[in-house]
Amino acid sequence: MKANSYECIIVGGGIAGLQAALQLGRYMHNVLVLDNQDGRSNLCRAYHNILGWPEGVSGETLRNLGRKQAESYGVEFKKGFVHKSEKNGENILLHTEDGTVYEAKTLLLSTGIKDRIPSIKNIEPCLGISIYVCPDCDGYEVRDQHVLLLGSGKTGGNLALTLTYWTDKITFINHDEEQLEAALLDQLKQKNIRVIDEQIEEIITENESEFKGVRLKNGQTVAGDKGFIGFGGNSVHSDLAAQLGVERLENKHVLVDPRTKETNVTNVWAAGDVVAHSEQVTIAMADGCQAAIWIHKRLLKNQS
């Protein structure tokens, strides 16, 4: 194949992209993974609900192990941000910010989403260890403990209500001081959830990553055992899909065939959090593997 031309290019080297790369590598296809190394899995210090990792595993560990596995099968990795995608006959052209153009027979978009996390002092070392994002992943970790819900408006209020399944000791710090609807305030009151409308100055920690509470902009400190974040406004990285004419929902998540993970655009697949699903690591893995299987089938068909 000519330079910068591949049977499959995967944009996004997170969990979905790595699982797909591993599977396609085992099919012995010519595969490139383009990744800007800024995915949300880099931030999580410990996923607790993945089979085989009872003590939890960090996103960084999964990414490092996954890349080594895929590279052992000949998959190529390059760091770069893809800002433009376009059709070139039956193939797809991808333009990176450094001016390089890559060509792919098939494309897998595993570009993910980015959580909106305000720049609050000491928050990052706690993520996945004592401050959590996903109740389905980590609600169990806060059972019967005093949780500080660090969030904003409706998103934060609804997440606080969700957490009442695991604990009845919840304080909602409404960081953006966004006004809550009366009905939501009433629900929070019924569940004895205290609401504080004040910006968060910093996270109070012990041993860097152990959450102990927050200090507010007004100087007040609020103690807590664990933290959860729900600021809303997460960005879905589906612009490349839109440039190719891929169908998206109003919230910009990509629609795919539930069986094959192919989009409405031929030879373009999507997997992971950019797709409309529950944003779970294990589902991202499954999406990536399933997409890779059908990419392989397409490549075989086009060779015949």
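The crossing of helix H4 with helix H5 is left-handed, a label used when the near helix is turned anticlockwise from the far one by less than a right angle, with clockwise giving right-handed. This comes from a predicted model in which local features need pLDDT of at least 70 and side-chain atom pairs count only at pLDDT 80 or more, while totals for chains, interfaces and linings use all residues. Residues are numbered from 1 along each chain as its sequence is written, and side-chain values use heavy atoms, leaving out hydrogens and water. Helices (H or I, at least four residues) and strands (E, at least two) are DSSP runs, numbered from the N terminus.

H4 covers residues 153-162 and H5 covers residues 182-190; their axes come within 10 Å and cross at roughly 30°. Axes here are lines fitted to C-alpha atoms, for helices over the stretch in contact, and angles run from 0 to 180 degrees between N-to-C directions. The two helices are therefore roughly parallel to each other (angles under 35 degrees; over 145 is roughly antiparallel, 65 to 115 roughly perpendicular and the rest oblique). In contact terms (heavy atoms within 4.5 Å), Lys154, Gly157, Asn158, Ala160 and Leu161 of H4 meet Leu184, Gln187 and Leu188 of H5. These contact residues divide into four nonpolar, three polar and one charged; Ala, Val, Leu, Ile, Met, Phe, Trp, Tyr, Cys and Pro count as nonpolar, Asp, Glu, Lys and Arg as charged, and the others, Gly among them, as polar.

H4 also has a buried side to explore. Gly153, Gly156, Gly157, Leu159, Ala160 and Leu161 are buried in this helix (buried is under 20% relative accessible area, exposed over 50%, partly exposed in between, with a 1.4 Å probe and protein chains only). The buried residues of H4 pack against helix H3 (135-138), E9, E10, H5 and strand E15 (226-230).

Several of these partners belong to a sheet. Five strands form an open sheet in the order E8-E15-E9-E10-E11, with parallel pairing; two strands pair if DSSP finds at least two bridges between them. At the edges are strand E8 (131-132) and strand E11 (194-196), each pairing on one side only. Within the sheet, strand E9 (residues 147-151) and strand E10 (residues 170-174) run parallel and are joined by five bridges. Val147 has Ile170 as its bridge partner in E10, and Leu149 has Phe172. Five of the five residues of E10 are buried, so this strand is largely enclosed by the rest of the structure. Ile170, Phe172 and Asn174 point one way from E10, whereas Thr171 and Ile173 point the other way. In a regular strand, side chains alternate between the two faces of the sheet.

A second open sheet has three strands in the order E12-E13-E14, and here the pairing is antiparallel. E12 and strand E14 (221-223) each have a single partner strand, so one side of each is left without a neighbour in the sheet. The twist averages 30° from one strand to the next. Strand E12 (residues 200-206) pairs with strand E13 (residues 210-216) over six bridges, among them the one between Glu206 and Glu210. Three residues lie between the strands of this hairpin, where Asn207 takes a positive phi near 55°.
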